[in-house]
Amino acid sequence: MSETTITQPKSMKTDAFEAPDFYHIDDLLTEEHKLIRSSVRDFVKKEISPYIEDWCQRAYFPEHMVKKFGEMGAFGPFVPEQYGGGGMDYISYGLIMQEIERGDSGMRSTASVQGSLVMYPIYKFGSEKQKQKYLPKLASGEMLGCFGLTEPDYGSNPGGMVTNFKDMGDHYLLNGAKMWISNAPKADIAVVWAKSEEGRIHGLIVERGMEGFSTPETHNKWSLRASTTGELVFDNVKVPKENLLPNKSGLGAPLMCLDSARFGIAWGATGAAMDCYDAARRYSLERIQFDKPIGSFQLIQKKLAEMLTEITKAQLLNWKLGKMMDEGKATSAQISMAKRNSVTMALDIAREARQIHGGMGITGEYPMMRHMTNLESVVTYEGTHDIHLLILGHEITGIPAFK
Ligand code: TGC
Ligand code: FAD
């Protein structure tokens, strides 16, 4: 029996991505923004696009990318330079996430967890000693971090968490488990959210090698296959007192980190949508049916026109949100709107772009199926699609409908 291998080594292909900018949003960016974006775009074309299909097919986490991301400045670009960060604004951060997720959502996950969920809490809530100890190594990619909030029984409702620590005089004793943690199997440190004996949520820095701490990997994912996901298990882990983040406690602390990460996802998912649209646009001009390029049929043009409209709306929303972030004016509900809008828009576009590619659309020759399955995680993590809707409902009515 003969066999058809559809997936060729992607390294033999070139990444011909051209970004849509229908409303000249580039005019709203500074020269520095454009420089940052173009250097990340080149990086993605060289370091991610040629290999990503193979990494995802093999469910392989490319650990070497951690150092490369560090060298490129993808980790914590908003952290001041004195701690190894880029000292950049939030629009720059958004552009970096957009370009990386244009390559792959799993790669953006690696970068946004490190920046927004590990470096951010250490920078915002950590002691000076903690900042000096961890931030430069996290920024350079010498260290990889993860963020443990979700538990097996507490996902959308993290306030119910049962992971806890007891004050043992000269150290804390940590017990419990976290689930679905990006970067966990390879992380050197984990920022873990746990309850004190008084029931107050605090952040603790747990280091690999501490006795009783393990990070079993989660297998068989159909999504984010180039990102590594795992559990964090704490069995009487002795955590030095100096590892507690001293400057903020309560659920608001991890939720502040999520605001920063959700902002990055709003831009990132738009990047994934831009990639799907661009692939569909090019394919529609090349693929001939009924003696014409399929792009000459009205139904294909409708799909492309609607994709471009939605991408343009998301780009404008993201840019304005970035301005408000930089001015310190963005609210959590505004961030929720952008995260929710971008991800659902990107999922719809991935599906439509897949259809434009016909049968070829299901293969690894094109990026849509990979983006689509990745986005199924993105629409769930960092607050599900419906939780963000309820956050908006709360904002509009003043009535929380979560409980
Ligand atoms: P609620 O009573 O509303 O709030 C508790 C306290 O937190 C304050 N707060 C915030 N503070 C800062 N930023 C925000 N966004 C905040 N939202 C709320 C609030 O003012 C209150 O403060 P205080 O001083 O009064 O105590 O909390 P709730 O228990 O009713 O929950 C609200 C809800 C459902 C919106 C929240 O829990 C939520 O967002 N749930 C979704 C959980 C989530 O997003 N998990 C993400 C886990 S991490 C992850 O997915 C990483 S994936 C990474 C990757 O790979 O890229
Ligand atoms: P549940 O909370 O059980 O929700 C199930 C369904 O019920 C959803 O549709 C939800 O919208 C709905 N629902 C829940 N409550 C309500 C309500 N009040 N009203 C209406 N509908 C409701 N977490 C971390 O802490 N760190 C990480 O690094 C991390 N990385 C992740 C990586 C991946 C690949 C994935 C898939 C998840 C990751 N998560 C991480 C966890 C993620 O944040 C949670 O999966 C998410 O918050 C949802 O929690 P859950 O899966 O327990 O779903």
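**View 1. Residues nearest to ligand 1 in the predicted model.** Ligand 1 has 26 residues around it, a residue being counted when one of its heavy atoms lies within 4 Å of the molecule. Ser109, Ser182, Arg262, Ser332 and Gly383 come nearest. By class, this shell holds 12 nonpolar, nine polar and five charged residues; Ala, Val, Leu, Ile, Met, Phe, Trp, Tyr, Cys and Pro count as nonpolar, Asp, Glu, Lys and Arg as charged, and the others, Gly among them, as polar. Helix H5 (105–125) and helix H7 (252–286) each supply at least two residues of the shell, and H7 gives the most, with six residues. Helices (H or I, at least four residues) and strands (E, at least two) are DSSP runs, numbered from the N terminus.

The model is predicted: local features need pLDDT of at least 70, side-chain atom pairs count only at pLDDT 80 or more, and totals for chains, interfaces and linings use all residues. Residues are numbered from 1 along each chain as its sequence is written, chains are lettered from A and ligands numbered from 1 in the order in which they are written, and side-chain values use heavy atoms, with hydrogens and water left out.

**View 2. Polar contacts of ligand 1.** A polar contact here is a pair of N or O atoms within 3.5 Å. A nitrogen atom of ligand 1 is 3.0 Å from a polar side-chain atom of Asp259. Oxygen atoms of the ligand lie 3.3 Å from a polar side-chain atom of Tyr381 and 3.4 Å from a polar backbone atom of Gly252. Taken alone, ligand 1 exposes 1100 Å², of which the protein buries 70% (Shrake-Rupley method, 1.4 Å probe).

**View 3. The shell around ligand 2.** Phe147, Thr150, Ser156, Trp180 and Thr384 come nearest among the 17 residues around ligand 2. The shell divides into eight nonpolar, seven polar and two charged residues. Ligand 2 lies between domain 2 (145–243) and domain 3 (252–397), because both give residues to its shell; the domain bounds come from an automatic or database domain assignment.

**View 4. Polar contacts of ligand 2.** The side chain of Thr150 places an N or O atom 2.7 Å from a nitrogen atom of ligand 2. An oxygen atom of the ligand is 2.7 Å from a polar side-chain atom of Ser156, and an oxygen atom is 2.7 Å from an N or O atom in the side chain of Thr384. Taken alone, ligand 2 exposes 970 Å², and the protein buries 67% of that.

Technical notes: A polar contact is a pair of N or O atoms within 3.5 Å; within protein, one must be able to donate a hydrogen and the other to accept it, and residues adjacent in sequence count only if both atoms are side-chain atoms.
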